[in-house]
Amino acid sequence: MRILLVGGEATLSAELLEYIGDLGDEWEVQSVPDGSAAIVAVSSATIDAIIVAPTLNDLSPATLLGQIRTLRPETIRIALIEGGENQRVPSARIIGLAHRFLPLPLAPELLLEALTSLEELRELLDSPRLRAAIGRIEKLPSPPHLYLSLMHALEDDDESNAADIAKLVSADPAIAAKVLQLSNSAFFNNGRAISDLRGAVTRLGLSTLRDLVLASEVFALPGASSAERNALQTRALLASRLAARMLPQSSAELGATAALLADIGQLLPGVRDEHLPLESGDDRPGHAEAGAYLLGLWGLPMPIIEAVAFQLQPLRSNVRSFWVAGAVHVATALAAGREVDEQYLARVGVLPKLEQWREMADGMMGLTLEA
């Protein structure tokens, strides 16, 4: 396995470099000081994984990762972020470019787990059986346009205000109506009715608005009856809010979006509902892997794709800490009244929090029923 470290050896600990060196012939490690040298290295040879420091002398990490994606889309892209007290939330742009984020100082076993899990996910989503099954679907759903427009508006202009966002949402009357409906629901109603989109945007907040727009677009897809879609959307919105509450602020939006999209595969024809027992001879792809494949085609961030793919088997993510995949597993199970994998929760050290999360889900479910 060929690995390229970008940012100079000062970025990485001597322990990590020694660990990588001890892996023997399987890993070939090259280190370059800046983004320009990295582009030259990637252009001249196949690189399996690139690990980029939080800051570079010549290019921003996002610019470098974007060029790597163009040159070698198959290369695993890992962005290092400052850990501890200096930890910074990755920008929306780099979240869409990196497959995984790892904190500094980087523990050797964390790097190995990240590479292992990303390779497994790549193999899962590159399965000939899955590609063939998805290929038989006559028309795959298009990416959610309003959601992507909203994301670009917020990313390009940090000063976007409620009026600008309301104007963007008003371009789709059906979604605008849904935004107004939710802002006046028991989830968000503070006793005063909202009748204009600008007020609704302010009340909901941009994070919730993004999820609502995404849910409205995704669950309008054909593939299920109106009643089934409404039930899926209700569970998805509940799971989304739960997942966001389980994670630190820096990961809350990733968790919310992943939980919202966890069951999108159920809207695709010719897909098996993995919540039901597997019948003999049923070779259809499961809804989790099919949904992850679709999200990969849409270009959503890898943490979301991974969480959707492994939502029913979070132990397969090979990440020791409780992150997006774990939150999605717990949130979707509680929202649907299913059993949670307590062995997994014990392994990542959060089993004592399960009862608190159950109470949280019960409280939110009560608000959903009132709404």
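Trainee: Which backbone oxygen does the side chain of Ser240 reach?

Mentor: A polar contact is a pair of N or O atoms within 3.5 Å; within protein, one must be able to donate a hydrogen and the other to accept it, and residues adjacent in sequence count only if both atoms are side-chain atoms. Here the side chain of Ser240 reaches the backbone oxygen of Ala256 at 2.9 Å. This is a predicted model: local features need pLDDT of at least 70, side-chain atom pairs count only at pLDDT 80 or more, and totals for chains, interfaces and linings use all residues. Residues are numbered from 1 along each chain as its sequence is written, and side-chain values use heavy atoms, leaving out hydrogens and water.

Trainee: Is Ser240 buried or exposed?

Mentor: Buried means under 20% relative accessible area, exposed over 50%, partly exposed in between (1.4 Å probe, protein chains only). Ser240 counts as buried because its relative accessibility is 3%.

Trainee: Where is Ser240, and which residues does Ser240 touch?

Mentor: Helices (H or I, at least four residues) and strands (E, at least two) are DSSP runs, numbered from the N terminus. Ser240 sits in helix H12 (residues 226-246). Contact means heavy atoms within 4.5 Å. Not counting residues up to four places away in sequence, Ser240 touches Asp211, Ala256, Ala259 and Leu260.

Trainee: Which residues of helix H2 are buried?

Mentor: In H2 (residues 35-44), they are Gly35, Ala38, Ile39, Ala41 and Val42. Seen down the axis of H2, the buried residues fall within an arc of 165 degrees, so they line one face of the helix. The arc is that of the directions from the helix axis to the C-beta atoms. Val40 and Ser44, on the other side of H2, are exposed.

Trainee: What do the buried residues of H2 pack against?

Mentor: They pack against strand E1 (2-6), strand E2 (28-32), strand E3 (49-52) and helix H3 (61-71).

Trainee: What is the order of the strands in the open sheet?

Mentor: Two strands pair if DSSP finds at least two bridges between them. The five strands run in the order E2-E1-E3-E4-E5, with parallel pairing. E2 and strand E5 (100-104) are the edge strands, each pairing on one side only.

Trainee: How many bridges join E1 to E2?

Mentor: Five bridges join these parallel strands. Ile3 stands opposite Val29 in E2.
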